[in-house]
Amino acid sequence: MANITIDRKQFEKEIGKLDEKMQNRIAMFGTPLDKFDNETMDIEVFPNRPDLLSYHGFKRSFLSFIGKQKGLKEYKVNKPEKNYEVTIDSSVKNIRPYTACAIVKGLKFDDDKIKEIIDVQEKLHFTVGRKRKKLAIGIYPLEKIKLPITFKALEPDKIKFVPLETDREMSGLQILQRHPTGREYAHLLAGKSKFPIFVDADNNILSMPPIINSKNTGKITETTTDVFVECSGFDFPILQKCLNMVVTILADMGGKIYSMELKEGGKKKITPDLNSEKMKLNISNTNSLLGLDLNEKQIKELIEKMGHNYNKGVVEIAQWRTDMLHEVDLIEDVAIAYGYENFIPEIPSVATVGKEEEKEIIKRKIAEILAGLNILETSNYHLTTKQDQFKKMSVQEEGIIEVEASKTDYTILRKDLSHYIMKNLSENVDSEYPQKIFEVGRVFNNYKETENLALAVTPSNFTEVRQILEYLSRMLNVEIKIAEPKDKIPNWFIEGRCAEIILSDVETENKKSTSAGAGGRGPSNEKLIGYLGEIHPKILKNWKIKMPVSLFEINLEETFRKLN
Amino acid sequence: MDEKLIESLSPNERKILPYLKENINEISRQSKLDRTSVLRALEYLENKKIIVLSRERKKIVELGVNGSLYHKKGLPERRLLNLLNEKRILRLDEAQKQSALSDEEFKASIGALKKKALIEIKNEKLVLTGSGEEISRKTLEELFLELLPMEYHLLSPEQLYSLKSLEKRKDIIFIREEELIDISITKLGEEVIKSGKGTGELIEAVTSKLLEKESAWKGKKFRRYDVTSPLPSVNGGKRHFVNQATDYARKVWTEMGFQEMSGNIIQSSFWNFDALFTAQDHPVREMQDTFFINKKVELPDKKLVKAVKESHEKGNDGSKGWGYEWNEEEAKRLVLRTHTTCVSANTLANLDKKNIPAKFFAIGKCFRNETVDWSHGFEFNQTEGIVIGKNLNFRHLLGYLQEFFKKMGFEKVRFRPSYFPYTEPSVEIDVWHPEKKIWFELGGAGIFRPEVTIPLLGENMTVLAWGPGFDRMIMDYYEIKDLRNMYKNDLSQLRKMKFWMK
């Protein structure tokens, strides 16, 4: 998400008064007005419209939208003059293979314009450029450069120049190690045997993309009139689009665009290419997708409001638009020009039968049954901390599903609800007792997700919680068995006051089998679904709870299957 | 006089009613109630305007532990004086021995008697010097002690003098603070007492014993309750308020003919991003924004994977695609779903064409790698919907959304252009908050792009889709200002929380 800040006075002078109607127009153009005051206004630009990331780019499109301009804005691209050439050396091939370049002349810079240019450059780096990974833009004062230019790659220690914001000559490697910008973007060149550079005819280094420009040749000032612009990176079509965005902004500021000849091996290319791109737009597709009944004349008008030209089913799209992949993108432009507020919402007659997930119905029934016993439902995060999941329950860390680079202590997916229920009781020691709580929710084990139910009462004993469980099972009409534990019980219960909860009549894969289950746990149509018991004082101590707690947790998946 | 008032008197109030002219100790004695019960009954009578209580804090001068003892045996100086009155002259050690006084008492006694010029000390001997009359007269201190207990503010100057001198000695005097309650009977009270009805029998509680015999209650009156008096509150069990709200949304969707879909929280990047035409270098696919799990899974059937790869790389149905080399390994990375739209993608891929038209919804938790503050959290609820069918259009999308938000309580809905990689046209939904008078943003919607629908459905079919966030609506309904309070599980808060009344 990127915002641009516009000078309000300039906006009101060149576009119109920022009244309520204008604020609404800005939102309905798809660029919400984030905030504004008497001096400035902040506009949000969605990632599909990087061409709006500068005042001049925004103004160009928005003037069409509000009807003060019409159709595709044409820019004259002058032919290359002598030495308007960039040689692309084969050494960049595996390092930073592409560049698109141009020259803009006759500029009159002032503070605001320089700021706008630097600003849009940074915003393009950040958005389309994916933090300079995909592309970087350089703008240089032509008076300091001797044409033609070469784009090549050199060993880092052979690269020597004074980078911006310093007074010292540094090698390529030193820049990555010591220069603040170098350090920030070092990862983009790390591990490469050669670094890319632009050099002029006198072998002066202009820049080392995507890191930094030279102090001597890479900084525009108020006296600069002519500039050399390059985009370098990995995706040539996108480089061209970005170059177009920059040169058209410079042209809107009063500059004249000149193309350059790019020589690579034996091949030649000319950039920039500002010839419009053509895409078909079908009237009936448009009307059927939007639910409108527009004729060709209306569609032409709407398309022109979005800064395109329309001619007999073909749209000429500006070469700075990056968001036109398919006809539907043009149809959306028609919709925006038509005005989202002008569409009349309508519910179609699509006859279908509504249906809830069975699981959700059962979960709701369980909650209702328990609420009838005066028990409160809690709702906890799915992510939890190792401290709560393991340490406070006095169990070994195992079966962890951890998320990468979490910004909080919540780094693992919860394996059970019991520890969260204990946490809830622990955080409510100042609330009125007795406390009766339950949660129905998802837990994560071995990358499998299951719905569990956990319930705790405090102060209470084994009997009370067992009564609740047995009431629930009777109300659900799902038979359970309370059994003496056969294996090790969860560490948080008191030995001798903990029972296994067993679901009988579980449909097994092999129905004929009557032999003992794999774990030797009775008939194979029985399944252990959880434990019930009194919490051991050592666990209560960990949680700073000074009341006896009894708790059960069961896996609900088999119950869902039985009730289905 | 109000009969109802008399019938509302509790048994204790009735018991003390005849003795209201007495002081509290006397009331307690006569009514055989303890002091606390008497005080409570007096308060009730005051509430009923039968009496007026005036409270005053007073200091009461009482005998201390030694004081009570001396009250019986006489003050030490009196005992010494009596001894001397017999013996006239005694050696100091003899005098102490025979008077059986402690060192402290003995010293204090000598001091007191010398001060009154009743004795002298000559050559280690005590000599009686006072006259017979002087000796037999009670001292001021003795007179004072006999009068105790007394109210401090009523003491005369001589008594105050005695108090000061006795206070210096151990535990003779004890000053207690007491709240004195003065009862004055109101005009209404006089009438009630005079009527004599206030002490008649009323049935207090309906007990099973009472019900045994009809004669026990027939024709009798029941003591009236003060039905308006404040009481401690009770609390009940209930669903968590977030679940109440999601259940309501579930009801709204099913009433509109939508079928519920569900899915895992752990998803492959394939379903969460790739199947939704989100380019592999899109910023949302960085660890900065999304929770990744360091594990990969196998992708679904090859045909679908190939179609998704194709739509990313070179597009389909005339689309240009994103124009990059799609990496299958990247699609295998596990994530915590960032939106429920991955559930929609999965539903479309498994949809039996015979069941079209179809409408589905989902409500579920989604995740993003965020720090936690009042407006941010790493988990949030989303409600998802898709409509698949022929002849569907943009106005229908807006129609469903408007209806849903109306049912959620937002009469005014605004749609404005937005952007999502998987929809075109894309919509941002704002609802008007009538009290705050602002539009607030609830989330996105749109029509799935052909780059999404063609791989999933095998053809370009219109699919209306939306996935607005749900938490802001819940927060607004319950007037929760801080997002962290949604899952704080503060039991006091949960007990107070009102039901979702929709």
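Reader: Which residue follows α8(A), and what is the value of its phi?

Author: The model is a predicted one. Helix α8 of chain A covers residues 283–290. The residue after α8(A) has a positive phi. That residue is A:Gly291, with phi near 70°.

Reader: Which residues of helix α8 of chain A are buried, and why do they line one face of the helix?

Author: The buried residues of helix α8 of chain A are A:Thr286, A:Leu289 and A:Leu290. Seen down the axis of α8(A), the buried residues line one face of the helix because they fall within an arc of 85°.

Reader: Against which elements do the buried residues of α8(A) pack?

Author: The partners of these buried residues belong to chain A and to chain B. From chain A come α9 (296–305) and α10 (327–338). From chain B come α18 (394–407) and β15 (438–448).

Reader: How many residues of chain B are in contact with chain A, and how many of chain A with chain B? Which element gives the most to the side of chain B that touches chain A?

Author: The contact involves 75 residues of chain B and 70 residues of chain A. On the side of chain B that touches chain A, 31 residues are nonpolar, 25 polar and 19 charged. With 8 residues, the element that gives the most to this side is α18(B).

Reader: In the open sheet of chain B that contains β2, β4 and β3, which strands stand at the edges?

Author: The strand order is β2-β4-β3, with antiparallel pairing. Two of these strands have a single partner strand each, so one side of each is left without a neighbour in the sheet. The twist from one strand to the next averages 25°. The edge strands are β2 (89–91) and β3 (119–122) of chain B.

Reader: What angle does the direction of helix α7 of chain B make with that of β2(B)?

Author: β2(B) pairs with strand β4 of chain B (residues 125–128) over 3 bridges, in the antiparallel sense. Within this pairing, B:Ile89 has B:Val127 as its bridge partner. Helix α7 (residues 92–99) of chain B packs on the sheet and touches both β2 and β4 of chain B. The angle between the directions of α7 and β2(B) is about 95°.

Reader: In the open sheet of chain B with the order β8-β10-β9, which residue stands opposite B:Phe292?

Author: The pairing in this sheet is antiparallel, and the twist averages 35° from one strand to the next. β9(B) and strand β10 of chain B (residues 333–336) are joined by 3 bridges. In β10(B), the residue opposite B:Phe292 is B:Val335.

Methods: Residues are numbered from 1 along each chain as its sequence is written. Chains are lettered from A and ligands numbered from 1 in the order in which they are written. This is a predicted model: local features need pLDDT of at least 70, side-chain atom pairs count only at pLDDT 80 or more; totals for chains, interfaces and linings use all residues. A residue is buried if 20 or more other C-beta atoms lie within 10 Å of its own, exposed if 12 or fewer, and partly exposed in between; C-beta atoms are placed from the backbone. Helices (H or I, at least four residues) and strands (E, at least two) are DSSP runs, numbered from the N terminus. The arc is that of the directions from the helix axis to the C-beta atoms. Two residues are in contact if their C-beta atoms, placed from the backbone, lie within 7 Å. Ala, Val, Leu, Ile, Met, Phe, Trp, Tyr, Cys and Pro count as nonpolar, Asp, Glu, Lys and Arg as charged, and the others, Gly among them, as polar. Two strands pair if DSSP finds at least two bridges between them. Axes are lines fitted to C-alpha atoms, for helices over the stretch in contact, and angles run from 0 to 180 degrees between N-to-C directions.
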